[in-house]
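User: Hi! I am new to this structure and would like a short tour. Could we go through it step by step?

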Amino acid sequence: MSQNAPDVLTAVETCPLHELNPMHPELLKQPWGLNRRLRNDAPIFQDPGSGIFFVSRYEDVVKMAMDPATFSSKMLAPTRAMSASEDPELKAILAKGYPQVATMLTQDPPLQRRYRKFVDGAFSPASLRALEPFIESTANALIDDFIVAGRCEFLSAFGVPLPLRVIVSQLGAPMEDLALFRKWTEAFIGNLSQQLDAEGIRAAARDMVEFQHYFADRIAERRAEPQDDILSKIVNASFDGEQPLSIEECLSMISQILVAGNETTSASITEGIMLLIENPDQYALLKADPSPDMISNFVEEVLRISSPSSNMFRRVVKDVEWHGVTIPKDSILFARFASANQDERRFPDPERFDITRPNLKEQIAFGKGVHHCLGAALSRREMNIGFKVVFDRLENFRLSSDADRPEFAANALLHGLSGLEIEFDAIS
Ligand code: HEM
């Protein structure tokens, strides 16, 4: 397949299947044609380059998510490239940190359920209700900083800092450390992107080790003196006769909460504004009726279209025959949540952004089954409250006339814009 961007996007519709390169950066950025092609012509497709089997239809992705006994999550996906590396310099960096252990996202039941037990309470409806004023005041404070200018880069001015500040507050860290959290999240995401060169991987490893030592100190503090935050709940939780979590287990869970809790919500919030700019008819509907129910429908449709957690790894524990393809034991699969959410068999006219879609709540951006997103309710609250504050104060969103067209970042697991320069009018 040609390496030229427009050619890649055109060829993907018609080229022979064996010529497809689904990891091509242009297709990671703009996956819609590829997804359509795979859903229709190759619902189980083995990428010739990586050997990964792509599962692209809604029904099949749900089937995978609901059958963890066959489709295991047990692997250290985020650190796979690192731990498998033979680079002595990288090994020396990692040796200064704590060993990686498999917890929620990278673990199977029953152990996975055990880890969820330690954190589920921290994300209970009561805990989340108590957070609402903080989410609202944070959204207002962020808008205060850019409203007068009449323009902003929305990802860095609002999309990133809103969930980041919420999660930093919940991990019991001071706001002065925000920049560190941003750096660590970027290191984890960079590693997940599978697009780093050797020096990039080493730099990400240095940041991850720094993150581990920072939190090892916080964990020791919370053990000595518990506070009213998630970190204290995680490190001090104990259940009948069970060992409390080790430092390595705590670090793994905190890193998952940090990464899963930041980039995903940031991506959906930011894409939500772009979708309104691109779909003035839908924006008009929302302006005519900005009720909580309508904003909630808008949020669900934004989640469906954006699906920032676009692919998640599974490992098949036995040979599986599926749509005429044999998937050998121990093969790696992608559960393609983003493609599933645009499956025409489930969502008619799937690429159309439609906040009145009757079945928009069937979207599976947060996954399904035992691994269903721990932060789904938190993220929904951040989006519902965040968008309400935005719509109360700003209107008439448009792309900045002097900026480049917004582009998505090339990442195999996470899909989101790399920036969004907008102009708007303040509502007086
Ligand atoms: C728009 C925002 C979000 C999206 C689209 C999203 C998506 C997902 C998806 C698809 C899964 C399932 C993965 C799988 O089946 O392998 C998942 C799991 C998870 N999410 Fe989220 N997430 C979001 C926000 C959050 C937030 C705010 C947090 C934390 C505060 C969070 C923490 C987690 C954790 C810890 C898991 C693993 C749960 C387990 O395996 O038991 N996520 N998320």
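User: What percentage of the 428 residues count as buried?

Analyst: Happy to start there, and please keep in mind that this is a predicted model. A residue counts as buried if 20 or more other C-beta atoms lie within 10 Å of its own. Among the 428 residues of the protein, the share that counts as buried is 41%.

User: How many helices and strands are there, and what is the radius of gyration of the protein?

Analyst: The protein has 18 helices and 10 strands. For 428 residues the globule rule gives 22 Å, and the protein comes close to that, so it is as compact as a globular protein of that length. Its radius of gyration is 21 Å.

User: Which strands stand at the edges of the open sheet of five strands?

Analyst: The open sheet has mixed pairing and the strand order 1-2-8-5-3.

User: Which residue is the bridge partner of Phe71 in strand 5?

Analyst: Strand 3 and strand 5 (residues 312-316) run antiparallel and are joined by two bridges. The partner of Phe71 in strand 5 is Val316.

User: Which helix packs on this sheet, touching strand 2, strand 3, strand 5 and strand 8?

Analyst: The helix in question has a direction that makes about 120 degrees with that of strand 8 (332-335). Strand 2 (53-55), strand 3 and strand 5 are touched by this helix as well. The answer is helix 4 (residues 58-65).

Terms used
Residues are numbered from 1 along each chain as its sequence is written. This is a predicted model: local features need pLDDT of at least 70, side-chain atom pairs count only at pLDDT 80 or more; totals for chains, interfaces and linings use all residues. Helices (H or I, at least four residues) and strands (E, at least two) are DSSP runs, numbered from the N terminus. The radius of gyration is taken over C-alpha atoms; the globule rule is 2.2 Å times the number of residues to the power 0.38. A residue is buried if 20 or more other C-beta atoms lie within 10 Å of its own, exposed if 12 or fewer, and partly exposed in between; C-beta atoms are placed from the backbone. Two strands pair if DSSP finds at least two bridges between them. Two residues are in contact if their C-beta atoms, placed from the backbone, lie within 7 Å. Axes are lines fitted to C-alpha atoms, for helices over the stretch in contact, and angles run from 0 to 180 degrees between N-to-C directions.
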